[in-house]
Amino acid sequence: MVGAPQPDTIAAIATAPGRGGIGVVRVSGRRAAEIAENILGACPAPRIARYGDFLASDGTVIDRGIALFFVSPHSYTGEDVLELQGHGGIAVMQILLQRCLESGARLAEAGEFTRRAWLNDKLDLAQAEAVADLIEASTAQAAQSAMRSLVGEFSNHIHALLQRLIDLRMYVEACLDFPEEEIDFITQGKVSDKLAAISAELEAVYASALQGKLLREGIQIVLIGQPNVGKSSLLNQLSGEEVAIVTPIAGTTRDALKSAIQIEGVPLHIIDTAGLRETTDEIERFGIARTWQAIQRASMALLLLDAQQGMGQADELILQQLPPSLPLIKIMNKSDLAQQTARLVKTDNVTTIYLSAKTGEGLPILRQHLLEMAGWHSSADGIFSARERHLAALRQVHTCLARANEQLQQAELVAEELRLAQESLNSITGEFTNEDLLGEIFSRFCIGK
């Protein structure tokens, strides 16, 4: 239950594993002050940094550093919180953590500090998820969008939608109390116009959320084609470094090679795969099998062809085996050798780009088109971080509003659709969320956060 005090005290190393200049052990819960007394000799004054020794149970010094104590509810979790900032050695952090556990804490689970912040109304669920998104952000733009969600920009949009939805729902349900009246309350109250206004606002929020999801997750792009068409060369060009070995020997790439790049802040996860062909080489066959696995997981595929030879029977066979729903770009590589100019051609809903992975000619055309196919709008402003579950909830709200608009002659059905829409919006910020979903969300956090 939100706001319910947690019975136990948790502790974890809050800094990344490995050596560092500083390491932090964080403690949260009712026994934080008691643990501070055990380790420091006395609990520090709230919000005042204290420099001193961190003591073992026998009085020997474990480390020396800074201690901070935050009194409930003025802390990240809303509970009493102790932070011990010492030297960032692997061994010393583990010893200090063990000392906290000996003093009455238990090891925190993944995301448990942030979950307690949510339980104690320090964050709503969308903001809590933004904490993890900020930590995991791989580009500056993704970090900025996560920060906008963390400070409540996404939640504010959701709450504004909720208020308009609640107001309309209250009006419609009030109409149900006067069934004997001849006045058409639905028409008089302009319910259809209000539904349209809420839907328009919903679409704007969805568009921003979709951009935020793209910044957060990026897109998975798989490079496919026959051997020696230039997949590895293209991967190296896009990455800006020699990620893949390039030789004229067919079958050089035996396994999927991954490289993460960014274009305008959007993360692109490029996967170079083994060339697709019939082979008796057992290792190469394993690589080809993994190629098809990568294709199944991809958001987009680039089918590389030799511009000098064009589309052959083997290429047609590859096309026929691709998932029909997988977005595809045909890449006519080696355009320099074929004396073709770099360009983009659209025919029969298929995009073909002529380029040279060796010289880099045509790469800007490809980069821009990748963003367009992913749905990225470079002019988008004020983007906030979002996840697929948020988009699914917003789509459900849209469906409910559409059904409500179709049933304006039956106020009871309109009221029910508005109730369902409200529940879907509430699930985004956590006012209405099942325990299974909460477990899934917080299990993806790192321990110590």
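Residues are numbered from 1 along each chain as its sequence is written, and side-chain values use heavy atoms, with hydrogens and water left out. Because the model is predicted, local features need pLDDT of at least 70 and side-chain atom pairs count only at pLDDT 80 or more, while totals for chains, interfaces and linings use all residues.

**View 1. A cis peptide bond joins Ser-72 to Pro-73.** The omega of this bond is near 5°. Pro-73 lies in the loop that runs between strand E4 (61-70) and strand E5 (81-88), where helices (H or I, at least four residues) and strands (E, at least two) are DSSP runs numbered from the N terminus.

**View 2. Asp-121 has a positive phi although it is a residue other than glycine.** Its phi is near 60°, and Asp-121 sits in the loop between helix H3 (112-119) and helix H4 (125-136). Asp-121 is exposed, with a relative accessible area of 57%, and exposed here means over 50%, buried under 20%, and partly exposed in between (1.4 Å probe, protein chains only).

**View 3. Gln-339, which is not a glycine, also has a positive phi.** The phi of Gln-339 is about 55°, and its place is the loop between strand E11 (328-333) and strand E12 (343-347). Gln-339 is exposed, with a relative accessible area of 73%.

**View 4. Helix H14 is followed by Gly-430.** Helix H14 (residues 411-429) has 19 residues and reaches 28 Å from its first C-alpha to its last, close to the 27 Å expected at 1.5 Å a residue; the expected span is 1.5 Å times one less than the number of residues. Gly-430, which comes after H14, has a positive phi near 100°.
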